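Here's a quick briefing to read alongside the model. Have a look at the fold first, then come back for the details.

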Amino acid sequence: MRIAYSVETVRSAERALMARLPAGALMQRAAAGLAAACADLLDRVYGARVALLVGSGDNGGDALYAGARLARRGAGVTAVLLTPDRAHPGGLAALRASGGRAVPAAGGEAVLARADLVIDGIVGIGGKGGLRPEAERLVRAVRGTIVSVDLPSGVDADTGEVRGAAVRADATVTFGTYKPGLLIDPAHEHAGALRLVDIGLDAYLPDVPDAEAPQHDDVAALLPRPAPESDKYRRGVVGVVAGSARYPGAAVLAVSGALRGGAGAVRYVGPAADTVIARFPETLVHTGPPAKAGRVQAWVVGPGLGDGAAARHSLEDVLASDVPVLVDADGLHLLPSGDLRGRAAQTVLTPHAGEAAALLGVSREEVEAGRLAAVRALAERYGATVLLKGSTTLIADGQGPVRVNPTGTGWLATAGSGDVLSGLAGSLLAAGLAARDAASVGAYLHGLAARRATAPHGAPIVADDVARELPETWRDVLA
């Protein structure tokens, strides 16, 4: 699990650690890790041209000390100082003693344009707002690889928001722990490849982080595994209320996700029964109200449902049940006012940015710019587990840390993919996973399957090794 902490928490942990270390030791640890990461990105260190974009804080000090280490290995290192009179004095002295040099910002563009690698040490994790004009001008001059120190300058470490110009790094070297903004878009898009340097903070960080991103082994540990005595009810029966005369395909897609998600059986309720049976003859179908459909351990309601009276009655019927319910698409538009805390079982809402904006009464742009705030607000307002779909899907339940899905891909931005996700996550609910786990595991597998399916089109292949780590019964989910 990749875990992330807020700036305030990180600062507190750093203060506690520094009180036990010699002066400057923590910065030296960070600089050593940064220099090692930069060396790995260079074809060779000796003779390489390295530029440092140096601001006024400790972030700039990390860059200067790392530059000094690279200079001692034979790199030609030049620091471009945005505020020469406020540059870290110890770092600047170390760079010059190692053979590096420093120039003011006014003469920095040519240096940056010629550099093989540029270290972005403009602003640290406490920075707010976008880059100032002079820094933005210098960043535009860069032609080589950019490595950001702790996080890309100009992004918000706590929220992932980008409120102006910001560095787009090829790689980010972060210290002690991840910060939420490194995992959450739009800032995540600016971070490039992430590398975590251990500087000894773990013992000083609280047990519960602010955000977490499950990795392969976390997902594999949560996946249900049929036992020898399993039957369809022990594996979970999921009910799907979806589709309409206008959108029969939504029913087929939601049922397909539920079946591929490992459900013991799928009960379909809705007007697209013939279409569903033609594609999936193993589906159990019912044309009456959901309450009369038979035994289920979880419901999925909403994809392609429409907005008429029948759709509204179906949603009310499902929400009145005592089993977990996942509400998606049209079901979100029909949600009753007030929260859902009165339900006897857990509820999962799966909006995209536009649906989230409607639920919160704000603009879509506001949701996309502040995804972390939006998912937390939805979880609090509705008393539900919320899966906010998007370039980095977020899951919040108002209690534990926000979960961030690391397998998302732009290839999922296609009609119907959300219907499949609903069925997949619903099957995991029916199998007994908690709402938070069902949503995060469903999102993880959904993204992974998309990466495999689109790999010939240029999407990165990350699924092959993962598939070998998953239980054999789950590998067909990714096929």
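Let's start at a strand pair: L387 has I395 as its bridge partner in β17. Keep in mind that this is a predicted model, where local features need pLDDT of at least 70, side-chain atom pairs count only at pLDDT 80 or more, and totals for chains, interfaces and linings use all residues. Residues are numbered from 1 along each chain as its sequence is written, and side-chain values use heavy atoms, with hydrogens and water left out.

**Around β16**

- Strand β16 covers residues 385-388, and β17 covers residues 394-396; strands here are DSSP runs of E with at least two residues, helices are runs of H or I with at least four, and both are numbered from the N terminus.
- The two pair in the antiparallel sense over three bridges, where pairing takes at least two DSSP bridges between the strands.

**The seven-stranded sheet**

- Seven strands make an open, parallel sheet, ordered β4-β3-β2-β5-β6-β7-β8.
- The edges are β4 (101-104) and β8 (193-197), each pairing on one side only.
- From one strand to the next, the twist averages 20°.
- Helix α2 (residues 25-41) packs on this sheet and touches β5 (117-121), β6 (145-149), β7 (171-175) and β8; contact means heavy atoms within 4.5 Å.
- The direction of α2 makes about 160° with that of β7, using axes fitted to C-alpha atoms (for helices over the stretch in contact) and angles from 0 to 180 degrees between N-to-C directions.
- Strand β3 (residues 76-81) pairs with β4 in the parallel sense over four bridges, and V80 has V103 as its bridge partner in β4.

**Salt bridges**

- How many salt bridges does the structure hold? There are 18, each counted when a side-chain nitrogen of Lys or Arg is within 4 Å of a carboxyl oxygen of Asp or Glu.
- One of them links R137 and E134 at 3.6 Å, N to O; both sit in helix α6 (residues 133-140), three residues apart, or about one turn of the helix.
- R137 is partly exposed at 25% relative accessible area, and E134 is also partly exposed, at 34%.
- Another joins R140 to E136, with the closest N and O atoms 3.3 Å apart; these two lie in α6 as well, four residues apart.
- R140 is exposed at 54%, whereas E136 is partly exposed at 28%.
- E212 and R436 also form a salt bridge, their closest N and O atoms being 2.9 Å apart.
- That pair ties together distant parts of the chain, 224 residues apart: E212 is in strand β9 (residues 211-213) and R436 in helix α19 (residues 435-454).
- Both E212 and R436 are buried.
- Through shared partners, salt bridges join E212, D397, R403, R436 and D437 into one network.

Note on methods: Buried < 20%, exposed > 50% of the residue type's maximum accessible area, 1.4 Å probe, protein only.
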